[in-house]
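Here are my notes for a colleague who is meeting this structure for the first time. Please read them with the sequence and the model side by side.

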Amino acid sequence: MQYQSVVPGRFLSRPNRFVAQVEAEGAVQTVHVKNTGRCRELLVPGAAVYLEKSGSPDRKTAYDLIAVQKGDLLVNMDAQAPNRVFAEWLEPQLPEGAVLRREYVYGDSRLDFCVESGKGRYLIEVKGVTLEDGGAARFPDAPTERGVKHIRELQKAAEAGLGAALVFVVQMEGMRSVAPNDETHPAFGAALREAAARGVRVCAWGCAVTPESLAIREEVPVLLGG
């Protein structure tokens with residue numbers, strides 16, 4: 001996936017989870033943060049960031065914050081990007097006649113995707129990963145009861161005979177592994193391990209990242225531990 005009209009900036013502050021103050025194009029800009037997670041290890045004062053300039057004159061903010069430099073590591077932190085880039089990667093690989101449906105309602109949840117084909121239904125939930133620790137990626141960076149609920153629905157689907165997968169899209173390059181962040185949310189890791197034992201496929205894909213683009217590149221090992 002490609003961004004348009006990307007400009008560099010310097011992060012100053014984050015008054016709330018939706019907006020940030022960024023020095024860009026010769027002024028202090030109020031920009032929309034496309035990730036409501038904590039991102040405390042990323043959004044530190046002085047960090048180099050990248051903004052996408054909006055073409056809409058009706059918006060309250062003229063920019064979206066889409067990526068941040070963490071040392072030598074460029075991290076895409078656009079929360080909408082993982083679903084978009086995963087769909088771009090998956091659709092060309094679907095067998096003839098298969099249909100990719102988005103925002104698929106199953107049980108009490110709305111899951112990201114469902115592939116419908118002659119073989120039945122395959123449910124997929126995508127989680128974007130931006131937290132890095134010593135060259136390894138971890139998820140989540142904050143407690144996510146919604147994430148636990150999604151895992152439970154995937155497990156029910158697998159136990160009912162449907163295909164089910166939880167896919168981590170790692171929004172940075174070079175990670176040697178992905179693991180549940182048990183220190184931050186033990187229930188997520190416990191639910192993930194149980195679901196994997198009950199037939200849910202758990203996998204992760206790393207991305208090639210530039211300020212202007214994001215693309216799935218290679219599979220990354222998932223370490224469930226426990």
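1. Strand S7 (residues 99-106) and strand S8 (residues 109-117) pair in the antiparallel sense over seven bridges; helices (H or I, at least four residues) and strands (E, at least two) are DSSP runs numbered from the N terminus, and two strands pair if DSSP finds at least two bridges between them. Within this pairing, Arg102 has Phe113 of S8 as its bridge partner. The hairpin of S7 and S8 has two residues between the strands, and Gly107 takes a positive phi there, near 60°.

2. Before going further, please keep in mind that this is a predicted model, in which local features need pLDDT of at least 70 and side-chain atom pairs count only at pLDDT 80 or more, while totals for chains, interfaces and linings use all residues. Residues are numbered from 1 along each chain as its sequence is written, and side-chain values use heavy atoms, with hydrogens and water left out.

3. S8 also pairs with strand S9 (residues 120-129), again in the antiparallel sense, over five bridges. Val115 stands opposite Tyr122 in S9, and S8 and S9 form a hairpin with two residues between them.

4. Glu103, which lies in strand S7, has a positive phi of about 50°, and at 43% relative accessibility Glu103 counts as partly exposed (buried means under 20% relative accessible area, exposed over 50%, and partly exposed in between, with a 1.4 Å probe and protein chains only). Glu25 likewise has a positive phi of about 50°; Glu25 sits in the loop between strand S2 (19-24) and strand S3 (27-33) and is partly exposed, with a relative accessible area of 47%.

5. A cis peptide bond runs from Phe139 to Pro140, with omega near 0°. Pro140 is placed in the loop between S11 and H2.

6. Gln171 is found in the loop between strand S12 (163-170) and strand S13 (178-180), yet Gln171 is buried, with a relative accessible area of 2%. Its side chain reaches the backbone oxygen of Asp78 at 3.1 Å, a polar contact (a pair of N or O atoms within 3.5 Å, where within protein one must be able to donate a hydrogen and the other to accept it, and residues adjacent in sequence count only if both atoms are side-chain atoms). Leaving aside residues up to four places away in sequence, Gln171 touches, among others, Leu74, Met77, Pro82, Val129 and Val209, where contact means heavy atoms within 4.5 Å.

7. Helix H3 (residues 186-197) has 12 residues, which at 1.5 Å a residue should span 16 Å, and its end C-alpha atoms are 17 Å apart, which agrees; the expected span is 1.5 Å times one less than the number of residues. The buried residues of H3 are Phe188, Gly189, Ala191, Leu192 and Ala195. They cover an arc of only 165° around the axis, so they are on the same side of H3, the arc being that of the directions from the helix axis to the C-beta atoms. These buried residues pack against strand S11 (136-139), helix H2 (145-159), S12, S13 and strand S14 (201-210). Gly199, which follows H3, has a positive phi near 110°.

8. How many disulfides does the structure hold? The structure holds zero, a disulfide being a pair of cysteine sulfur atoms within 2.5 Å. Cys114 is in no disulfide, and the nearest cysteine sulfur, that of Cys203, is 16 Å away; Cys114 is buried, at 0% relative accessibility. Cys207 is in no disulfide either, with the sulfur of Cys203 as the nearest cysteine sulfur, 12 Å away, and Cys207 is buried at a relative accessible area of 1%.
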